[in-house]
2 protein chains.
Amino acid sequence: LEDENIDEFRTLFLDIHPYERAKFYAKLPKDARMHVYHFLSPEEMAEVFENLEIEDTEYEELLSEMNPTFVADMLSQMYADDAVDVLNELDKEQVASYLTIMDDEAAGEIKQLLHYEEYTAGSIMTTEFIAIHSNQTVKSAMYILKKEAPRAETIYYVYVIDEEKRLVGVISLRDLIVSDDDTMVYEIMSDRVVSVSVSEDQEEVARKMRDYNFLAVPVIDFQNHLLGIITVDDIIDVMEEEASDDYSKLAGITDVDSADKNIFSAAKKRLPWLIILSFLGMMTASLIGRFEDTLDQIAILAVFIPLIAGMAGNTGTQALAVAVRRIAIGDDKEENKLFLIIREAGTGVITGAVCGIIIMLVVYFWKSDFFLGLLVGFSIFITLIVATLAGALVPLIMHKFKVDPAVASGPFITTINDIISILIYFGFASLFMNYLVQ
Amino acid sequence: LEDENIDEFRTLFLDIHPYERAKFYAKLPKDARMHVYHFLSPEEMAEVFENLEIEDTEYEELLSEMNPTFVADMLSQMYADDAVDVLNELDKEQVASYLTIMDDEAAGEIKQLLHYEEYTAGSIMTTEFIAIHSNQTVKSAMYILKKEAPRAETIYYVYVIDEEKRLVGVISLRDLIVSDDDTMVYEIMSDRVVSVSVSEDQEEVARKMRDYNFLAVPVIDFQNHLLGIITVDDIIDVMEEEASDDYSKLAGITDVDSADKNIFSAAKKRLPWLIILSFLGMMTASLIGRFEDTLDQIAILAVFIPLIAGMAGNTGTQALAVAVRRIAIGDDKEENKLFLIIREAGTGVITGAVCGIIIMLVVYFWKSDFFLGLLVGFSIFITLIVATLAGALVPLIMHKFKVDPAVASGPFITTINDIISILIYFGFASLFMNYLVQ
């Protein structure tokens with residue numbers, strides 16, 4: 001297919017959906033891709049790149065295969081936010097060189113967007129929106145809309161601005177369509193516009209769009225000037241990213257989602273955590289080492305170490321997950337925190353009591369040793385309370401100090417709780433040793 | 001505010017965004033809610049309910065506060081998919097009684113939707129779409145669109161059907177707007193419609209909409225009849241649900257997201273896993289019990305139990321998370337599986353070797369006991385390989401048997417790997433005991 005016929009390729013390729021075009025292109029070997037660059041215009045290639053889903057590091061390679069003028073043309077044909085996503089993966093010199101050969105208008109828009117900090121509303125917004133004035137008629141608004149439609153990222157919301165480009169209203173295409181031609185825009189526009197600030201966190205933006213069921217939201221600066229819009233497709237990507245980020249961290253792995261080309265890159269994502277954890281584990285070991293005398297006398301104590309440590313780890317992970325999600329949902333007002341801690345303590349008491357009694361009985365009947373059962377069961381009870389509190393407190397404290405609470409990953413809390421649980425267990429064991437020595 | 005003035009309340013209430021209205025309503029005490037039902041029409045109340053975010057169990061209480069005719073009126077004014085969401089929370093008799101007092105058209109639509117199985121495309125779709133024929137002009141299509149706009153869930157895509165209601169094309173409002181009035185629909189419609197089947201899993205639908213950046217997707221039966229559409233706001237809810245579901249399961253907790261009214265409901269969500277895990281933990285304990293003789297002779301072995309078990313648990317959770325996500329993303333073609341297992345084994349060898357050597361050296365220098373270091377390090381090496389494989393295999397096997405792989409939660413894998421690691425560790429220890437006895 002690829003090797004000769006331009007026309008046939010173009011007919012087939014342009015007939016399929018842009019997302020499928022991008023998928024097809026991403027799978028091609030290098031020499032076939034070189035053909036594609038000659039068969040397609042920069043504009044057509046721009047559509048492919050807007051839909052491309054590849055590793056961040058691959059953009060550089062793909063762009064280097066093309067003629068720089070072609071790249072510049074393509075980038076200026078892309079929606080500005082998508083072009084910025086691509087450019088963010090290149091080094092500064094490359095970006096500068098592409099921007100100089102680009103036409104001035106597109107370069108200007110892109111430069112402006114490159115400015116904003118990562119993970120803010122500014123970094124995911126696009127400047128291709130449609131703006132009208134409030135003293136227009138619906139008819140003239142529709143005229144502007146038709147004219148600008150090919151270039152705008154969405155035409156389903158039209159924003160109303162005043163002479164100083166301040167956002168004063170919003171009107172949906174739905175409202176425009178059902179209104180009479182000579183209605184004035186200010187009569188039908190909504191002047192209570194929900195907007196986001198350009199420096200707002202992208203997670204916050206996602207939450208707003210989800211709650212309000214918006215297809216797009218306007219982005220403003222602190223003086224209420226309309227700077228851009230964020231569309232729902234960008235928000236879906238943000239939500240996916242954040243969800244998989246939280247998930248990865250709970251599992252103690254750098255990035256769970258990207259395809260690993262080989263075992264070394266996979267190992268690289270897991271080793272940092274594993275190495276930190278082995279040192280924390282050595283601490284646990286040295287802690288038990290301090291109780292070697294106790295252990296020498298009552299070897300059976302060792303039997304229950306994994307049980308107690310495991311329960312502490314599990315209950316800590318549960319409390320952690322609840323706390324991280326609650327913070328992520330934004331349910332973190334000051335007055336709630338004390339309440340949350342009290343509630344976690346209460347939950348710890350209940351789960352600790354239930355599990356403690358079950359385990360006490362099992363150990364008692366299994367080993368026919370009442371004091372051993374009591375020791376293990378009581379240790380479980382105390383351990384679960386403390387571990388639950390630790391799981392809930394660590395993310396809260398991290399959040400307080402503006403650290404992303406999700407970095408307190410499951411394995412980390414698990415290991416911390418291992419240590420706590422062993423201290424509690426051997427502490428009690430040493431105290432009541434007289435009752436235990438057989 | 002609430003106590004007297006109807007007009008003032010209506011002006012203020014109807015001026016804010018429906019989402020804010022719903023939030024306001026949800027926070028009202030019962031007696032204030034009773035006022036609201038008298039102040040608002042069923043139609044206005046329907047808009048509130050469409051935007052309500054409450055616990056599933058609360059719907060029953062709220063509806064019972066209203067007059068049944070009011071409820072029926074309200075439900076028939078809601079978008080059919082939202083009404084079905086509410087009705088799904090009631091028992092069958094209540095649903096039947098509301099449906100009988102509802103007007104026939106709305107009741108018919110809702111009955112049809114109640115039919116579909118949970119978590120399928122059918123269960124989240126709505127029947128309020130706009131359909132036209134291909135031999136219409138753009139002008140007449142726009143006329144239909146304007147007429148149906150108030151009732152349709154989205155007007156931004158218009159679906160083209162033939163005489164037998166089979167889906168033959170799609171056209172966006174954008175395309176309609178930029179076309180001349182007398183263009184024929186078949187000239188500008190796209191006849192390669194991406195659609196989903198009514199029985200398709202909702203996660204699959206979400207994936208498609210995300211990949212193709214759709215605002216809505218048509219739902220068809222096996223004969224290509226257009227049954228309904230799914231809009232992007234429903235998909236965002238699905239994505240949130242699935243992400244938080246996976247997250248909860250990794251943490252070993254039933255539901256991480258819903259607000260817990262009291263410590264008992266919080267404990268209830270955590271106890272099932274904790275109890276299962278305490279029995280698994282008892283198995284670990286009885287396993288160590290079998291090595292009591294070994295332990296009696298070399299008490300220092302106990303010191304490294306949590307380290308080894310912890311490393312096994314952590315690495316297993318990492319492998320689990322990667323496998324679960326990969327299956328969720330749909331990257332689970334047959335030929336990939338063997339490759340995935342080989343890759344996980346390779347990753348296990350690398351991480352095992354690195355951690356094993358580090359730990360061997362630390363133990364050697366700490367305890368000045370070469371054989372102990374070798375034993376612990378080598379156990380870590382073998383354990384990490386096996387634990388990584390277990391973490392990757394369990395979800396794959398579950399997926400094979402059509403069980404949701406995410407139920408293989410982190411704590412579950414952790415405990416399984418505890419057992420494996422202890423077997424390996426004490427197995428080696430018993431074998432090489434002669435070298436170890438001090």
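Before I noted any volume, I wrote down that a cavity is a set of grid points where a 1.4 Å probe fits but cannot get out, and that a volume is the space filled by probe spheres set on such points. I also reminded myself that the model is a predicted one.

Entry on cavities. I looked up how many cavities of 30 Å³ or more there are, and the count comes to twelve. I then turned to the second largest cavity, which holds about 140 Å³ of space. I found that 15 residues line this second largest cavity, and that the closest to its centre are Gly310(A), Thr414(A), Asp418(A), Gly310(B) and Asp418(B). When I asked which elements give two or more residues to the lining, I noted helix H18 (305–329) and helix H21 (410–431) of chain A, together with helix H18 (305–329) and helix H21 (410–431) of chain B. Sorted by class, the lining of the second largest cavity has four nonpolar, nine polar and two charged residues.

Entry on salt bridges. I reminded myself that side chains of opposite charge can pair when their charged atoms come close. Over all chains, I noted a count of 26 salt bridges.

I looked at one within chain A, where the side chains of Glu61(A) and Arg33(A) meet at 3.8 Å, N to O. This pair links distant parts of the chain, since Glu61(A) sits in helix H5 (residues 58–65) and Arg33(A) in helix H3 (residues 30–39), 28 residues apart. Are the two partners buried or exposed? Glu61(A) counts as partly exposed because its relative accessibility is 45%, whereas Arg33(A), at 9%, counts as buried.

Next I looked at a salt bridge between Glu240(A) and Arg210(B), at 2.7 Å, N to O. This pair crosses between chains, from helix H15 (residues 232–251) of chain A, which holds Glu240(A), to helix H14 (residues 202–212) of chain B, which holds Arg210(B). Glu240(A), at 25% relative accessibility, counts as partly exposed, while Arg210(B), at 18%, counts as buried, because buried means under 20%.

I also noted that Arg210(B) forms a salt bridge with Asp211(B), with the closest N and O atoms 3.1 Å apart. Asp211(B) is buried, with a relative accessible area of 12%. Finally, I recorded that salt bridges that share partners join Arg33(A), Glu61(A) and Glu65(A) into one network.

Technical notes: Residues are numbered from 1 along each chain as its sequence is written. Chains are lettered from A and ligands numbered from 1 in the order in which they are written. This is a predicted model: local features need pLDDT of at least 70, side-chain atom pairs count only at pLDDT 80 or more; totals for chains, interfaces and linings use all residues. Side-chain values use heavy atoms; hydrogens and water are left out. On a 1 Å grid over the protein atoms alone, a cavity is a set of points where a 1.4 Å probe fits but cannot get out, and a pocket is an open set with protein on both sides within 12 Å along at least five of seven lines; lining residues have an atom within 4 Å of a point. Helices (H or I, at least four residues) and strands (E, at least two) are DSSP runs, numbered from the N terminus. Ala, Val, Leu, Ile, Met, Phe, Trp, Tyr, Cys and Pro count as nonpolar, Asp, Glu, Lys and Arg as charged, and the others, Gly among them, as polar. A salt bridge is a side-chain nitrogen of Lys or Arg within 4 Å of a carboxyl oxygen of Asp or Glu. Buried means under 20% relative accessible area, exposed over 50%, partly exposed in between (1.4 Å probe, protein chains only).
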